[in-house]
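Please look over the sequence and the structure shown below before reading on. The report that follows takes up a few local features one after another.

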Amino acid sequence: MRLLVVEDYAPLREAVVAYLREDGCVVDAAGDGEEGWWLAKDEAYEAIVLDRQLPGLGGDEILRRLRAAGRRDPVLMLTARGEVPERIAGLEAGADDYVVKPVALGELLARLRALVRRASVGGADTVAIGALVLDLGRRSAAVAGRPLELTAKEWSLLSVLARRAGAVVARDELWRHCYDMNEEPNPNRIEAHLANLRRKLAAAGAGELIHTRRGLGYCLAPEPPP
Amino acid sequence: MISIRRRLVLGTVLAVSASSALAGVAAFISVRAHLVAAADAKLRTDAAGLLALVRGCEGGVCWAGGRIPDAGGWVLVTDGSGRRLLTHPESAGALAGQPDGPVRLPDGGSGRMACAVGPAPAPAHGARVQCPVPALMVTLARPDTALRSTLATVAWALAGATAAATALAGLAAAALARAVLRPVAGIAGAIAGASPGDACIAVRPESVPRELRPVVERADAFLANARAQVERERRTAADIAHELRTPLAGLIATADLALARERSAADYRAAIERGRAIAGDTARLVERLLMLTRLEAGSETARREPIAGEAVLAACLADLAPVDAARLQRAGGPLADGVGDGDHLATVLRNLVGNAVAHAPPGSAIELHAEGSRLAISNQAPRL
């Protein structure tokens, strides 16, 4: 998952980002509202963790601007304001989930996955392409019922392609989903991971499911796209 | 404690009873004196009348026409030396030597007596007076039964009037007390039924007597204070909960991260140290919140004592980490000395400098410009 965490309290921000990254997520982080808005408006994230009370631009304003711009990125508000009127206001402002601090990081991750699932391929938990079946909720893949062992980066690539199964996904988009903003874009690394994926799928008997469209990107489908 | 109603009634009854009794006694004394004076005057007149009926005759005196007048009592006729000349009845002689006024009658009863004194009597018709009496005194005594009866009647009438006045006063006092205390009871009921959330008691000041309006206004003021206090406490609890949630979230997240998988001892130590730092920040936050709460509630007052401004500022800056202290740039002069609460000043300075260090971009300069007792902290942190 490619995520954005906007939280001004450094210890909390650093712990959340580290936890999500250890789980294989690609995470960008911002410590104030201006930086958060600058990242959110220019990048596409699968989910955004947004604090409400931020220095400079507040979380409510960032959310309002995103929605006004037609952006439907799933937003999870993580805030200390726990009263019912505050929760209602946050959800009605456009947040997809509202979590009151403190929260267990495991729960936070589970909620983010739920948001991403709902936002993807009709919200389906599993995607089947040929003999390959991906369980997006459990983050597992299997070919003809046999589990497929994947690294975190391979899973990130495969899940992005699976959510857009049948469509061509640009290399840049694949990069953004697998690496955070601090990494220098390097197409060779994407190629290397895709090559490993192809090898594992072939070895598992899934055949050729990842197709290259030169100059455009990659597509996950039983047959090459026309 | 005796109730106000009972005090009013008892006090009124006692006052009316006492004044009525005094008035009754005074009236009785006056009436008695008048009646007694009238009775004595009648006796003197009748005694004088009897005196006119005494004639000189051989051997002394006799009644005119030889007939004993019906005096309605005891008659004693004496001469100037007290020699008894005539008595009617015979027992009247016991009256000799007694003064006018109340007297014990010869029959043992009580009565009143008066005397009349006159010159020598005229001789009886055809009588040759051999031993003329130079002067006469007629003493007349009658029972005072009628007087006593009248006085008793008067006394009972006055007593009855006093009792009636007392009873009426009691009834009037009870009614007056009920009327007077009705607004007080209303206020007491409204105050008893008020709760801290009410804006005022259920009594309008203009609907109570002027004397009780300060009570209503004061009760409303106390309710307003209580309501403000309740609101302050609610807001304080919400503020404290809000402020503490974020560092608590940081603490829990730090622990969750450390426990998510097996880590090296160094990683665990680093996590514990981060948690320790968060706990320290939280403790300072709690102290600040509690101080604000106490200041708002008025339960904490600032001391007034000489403060060495520059020394306080230097102590706050000494708490900073070296890397943060290196970002500070001093401008102007030393912070001036003054009078105030040194601890509160240190807390405020620590907060201001700490906020600048925490929120200014890393490595950016933070300027502390002191001019006299004014201190300006300039930094590039976004507006909070």
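A salt bridge, as the term is used here, is a side-chain nitrogen of Lys or Arg within 4 Å of a carboxyl oxygen of Asp or Glu, and a residue is called buried when its relative accessible area is under 20%. The model is a predicted one, and in it Arg13(A) is buried yet has no salt bridge.

Arg13(A) is part of helix H1 of chain A, which covers residues 10-22. Its side chain reaches the backbone oxygen of Glu7(A) at 2.8 Å. When residues up to four places away in sequence are not counted, Arg13(A) touches Val5(A), Glu7(A) and Asp8(A), and also Ala29(A), Ala30(A) and Gly31(A).

## Backbone exceptions in the loops

Most peptide bonds are trans, and most residues other than glycine have a negative phi. In chain A, the peptide bond that leads from Lys101(A) to Pro102(A) is cis, with omega near -5 degrees, and Pro102(A) is placed in the loop between strand S5 (97-100) and helix H5 (105-119) of that chain. In chain B, His88(B) and Pro89(B) are joined by a cis peptide bond with an omega of about -5 degrees, and Pro89(B) sits in the loop between strand S4 (84-88) and strand S5 (101-104) of chain B.

Ala144(A) is not a glycine, although its phi is positive, at about 50 degrees. Ala144(A) is found in the loop between strand S8 (140-143) and strand S9 (146-148) of chain A, and it counts as exposed because its relative accessibility is 56%, where the cut-off is over 50%.

## The sheet of chain B and its helix

In chain B, five strands form an open sheet with antiparallel pairing, in the order S4-S3-S8-S6-S5. Strands S4 and S5 of chain B are the edge strands, each pairing on one side only, and the twist from one strand to the next averages 25 degrees.

Within this sheet, strand S3 (residues 74-79) and strand S8 (residues 135-143) of chain B run antiparallel and are joined by six bridges; Val77(B) stands opposite Val138(B) in S8(B). Helix H1 of chain B, made up of residues 4-51, lies across S3, strand S6 (110-119) and S8 of chain B, and it runs at about 45 degrees to S6(B).

How values were computed. Residues numbered from 1 in each chain as written. Chains lettered and ligands numbered in written order. Predicted model: local features only at pLDDT ≥ 70, side-chain atom pairs only at ≥ 80, totals over all residues. Heavy atoms only, no water. Helix = DSSP H or I, 4+ residues; strand = E, 2+ residues; numbered from the N terminus. Buried < 20%, exposed > 50% of the residue type's maximum accessible area, 1.4 Å probe, protein only. Lys, Arg positive; Asp, Glu negative; His and termini not counted. Polar contact = N/O pair within 3.5 Å; in protein donor to acceptor, adjacent residues only side chain to side chain. Contact = heavy atoms within 4.5 Å. Pairing = 2+ DSSP bridges. Axes fitted to C-alpha atoms, helices over the stretch in contact; angles between N-to-C directions.
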